[in-house]
Amino acid sequence: WIRWRGHSQGKICKGDMMSERTTEERIKDAINEIVTLPENAGRDTELKSLNLDSLDVTELVMEVEDEFDGVTVEDDVVEKWETIGNIIDYVEGKLA
């Protein structure tokens with residue numbers, strides 16, 4: 001099963017212009033590959049409220065690692081993720 005993505009490196013095409021997406025948007029897109037996020041989902045949204053099982057969390061880690069080149073997520077880090085903001089902060093810290 002192969003998933004094709006219509007974007008790469010966080011850029012999306014809008015006409016002839018390329019537009020950078022924020023880390024938050026990219027993380028939310030990764031989560032949306034697994035479960036449907038509520039429209040009002042934000043940094044404070046708790047992951048447990050999304051009813052992710054262990055397989056979903058594994059998929060989320062793979063989505064994040066695929067979306068952000070050079071970011072590797074260790075198991076002990078995943079255990080500390082409680083909110084979408086935790087994921088964003090982790091990724092931004094790795095990219096800094």
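Visitor: Where is the place of Val73?

Guide: In this predicted model, Val73 sits in the loop between α2 and α3.

Visitor: What makes Val73 buried?

Guide: Its relative accessible area. Val73 comes out at 7%, and buried means under 20%, so Val73 gets that label.

Visitor: And how far apart are Val73 and Tyr90 in sequence and in space?

Guide: They're 17 residues apart in sequence, and 8.8 Å apart in space going C-alpha to C-alpha.

Visitor: How many aromatic pairs does the count come to?

Guide: The count comes to 1 aromatic pair. The rings are those of Trp81 and Tyr90, with centres 5.9 Å apart; the limit for pairing is 6.5 Å, so they pair.

Visitor: Why is the pair of Trp81 and Tyr90 called edge-to-face?

Guide: Look at the planes: they stand at 65°. Over 60 degrees counts as edge-to-face, so that's the name for this pair.

Visitor: How do you know whether Trp81 is buried or exposed?

Guide: Trp81 has 9% relative accessibility. With the cut-off for buried at under 20%, Trp81 counts as buried.

Visitor: Back to the loop, then. Why is Glu74 called partly exposed?

Guide: Glu74 lies in the loop between α2 (54-67) and α3 (75-78). Its relative accessible area is 33%; buried is under 20% and exposed is over 50%, so Glu74 falls in between and is partly exposed.

Visitor: Which residues form the negative surface patch?

Guide: Glu74, Asp75, Asp76 and Glu79 form that patch. Patch residues need over 30% relative accessible area, and Glu74 has 33%.

Technical notes:
Residues numbered from 1 in each chain as written. Predicted model: local features only at pLDDT ≥ 70, side-chain atom pairs only at ≥ 80, totals over all residues. Heavy atoms only, no water. Patch = residues over 30% accessible without salt bridge, like charges linked within 9 Å, V, L, I, M, F, W, Y side chains within 5 Å. Areas by Shrake-Rupley, 256 points an atom, 1.4 Å probe, with all protein chains shown as cover. Salt bridge = Lys/Arg side-chain N within 4 Å of Asp/Glu carboxyl O. Lys, Arg positive; Asp, Glu negative; His and termini not counted. Charge placed at Lys NZ, Arg CZ, Asp CG, Glu CD. Helix = DSSP H or I, 4+ residues; strand = E, 2+ residues; numbered from the N terminus. Buried < 20%, exposed > 50% of the residue type's maximum accessible area, 1.4 Å probe, protein only. Phe/Tyr/Trp six-rings, centres within 6.5 Å; stacked < 30°, edge-to-face > 60°.
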